[in-house]
Amino acid sequence: PSATTLSVTPSTATVTMGGTLTFKTLGGTSPFSWTSSNLNVGTIVENTGVFTAGALAGSVTVTAIDAVGNTATAAITVPGLALTFDVAGVTQAAAGGASVITVTANGSGVGFTSTIANNNTASGYTDLPTIVATGTQLTITSPATLPTAAQGDQTFTITVTDASNTNTGTLTYVLQKAAAA
């Protein structure tokens, strides 16, 4: 390496999936070559500095190397896309009832994981719905026991993550209290 300083501009960037960004060198000795630390997240054309984000969310470092071995890096974030659903939320009023939701955009179809959080934690109701993923569909089944009138309707946030591309989405699930006897 020489005493000539090499830097990359921009030094940090966010590039959406499938998007491109051209990096430039400042200083250094021509010619320059470029590498990507994670080809699954993004690639870079070795002799031009054109970065293309892939279909996987994550972080990647691009490195510029000049003719005498000087290096400089830039950090890129490729955010995941939001999963979208055919409905914004689900309301169920029967114990053991099932609703089917379809992921309509940005899902890989490989499978999903989900987390469920009860937004009414002070109510004392602890049962959770179950979620089974098949292809691009999620089947949400209400618990076997409904909340009591004293516990009231329960509102849950369901976060769904694609098992392949890590895209995420959320939807609201409301479990209505048992009808008064």
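F156 is buried, and Y173 is buried as well, where buried stands for under 20% relative accessible area, exposed for over 50% and partly exposed for what lies in between, computed with a 1.4 Å probe on protein chains only. The model is a predicted one, in which local features need pLDDT of at least 70 and side-chain atom pairs count only at pLDDT 80 or more, while totals for chains, interfaces and linings use all residues. Residues are numbered from 1 along each chain as its sequence is written, and side-chain values use heavy atoms, with hydrogens and water left out.

**Aromatic pairs**

- Rings of Phe, Tyr and Trp (its six-membered ring) are paired if their centres lie within 6.5 Å, and the planes make a pair stacked when under 30 degrees apart, edge-to-face when over 60 and tilted otherwise; by this rule there are three aromatic pairs.
- F23 and F51 make an edge-to-face pair, with 6.4 Å from centre to centre and 85° between the planes.
- This pair links distant parts of the chain, 28 residues apart, since F23 lies in the loop between strand 3 (20-22) and strand 4 (24-27) and F51 in strand 7 (residues 50-53); strands (E, at least two residues) are DSSP runs numbered from the N terminus.
- Both F23 and F51 are buried.
- The ring centres of F156 and Y173 are 5.5 Å apart and their planes stand at 50°, so this pair is tilted.
- F156 belongs to strand 16 (residues 154-162) and Y173 to strand 17 (residues 168-175), so that the pair links distant parts of the chain, 17 residues apart.
- One aromatic cluster is formed by F23, W34 and F51.

- T22 is located in strand 3 and counts as partly exposed because its relative accessibility is 36%.
- T22 is in contact (heavy atoms within 4.5 Å) with T48, G49 and V50, when residues up to four places away in sequence are not counted.
- Between the C-alpha atoms of T22 and T9, which are 13 residues apart along the chain, the separation is 9.0 Å.

- Four strands form an open sheet of mixed pairing in the order 2-9-8-5, where two strands pair if DSSP finds at least two bridges between them.
- Strand 2 (12-14) and strand 5 (33-36) are the edge strands, each pairing on one side only.
- Strand 8 (residues 58-65) and strand 9 (residues 71-78) run antiparallel and are joined by eight bridges.
- I65 has T71 in strand 9 as its bridge partner.
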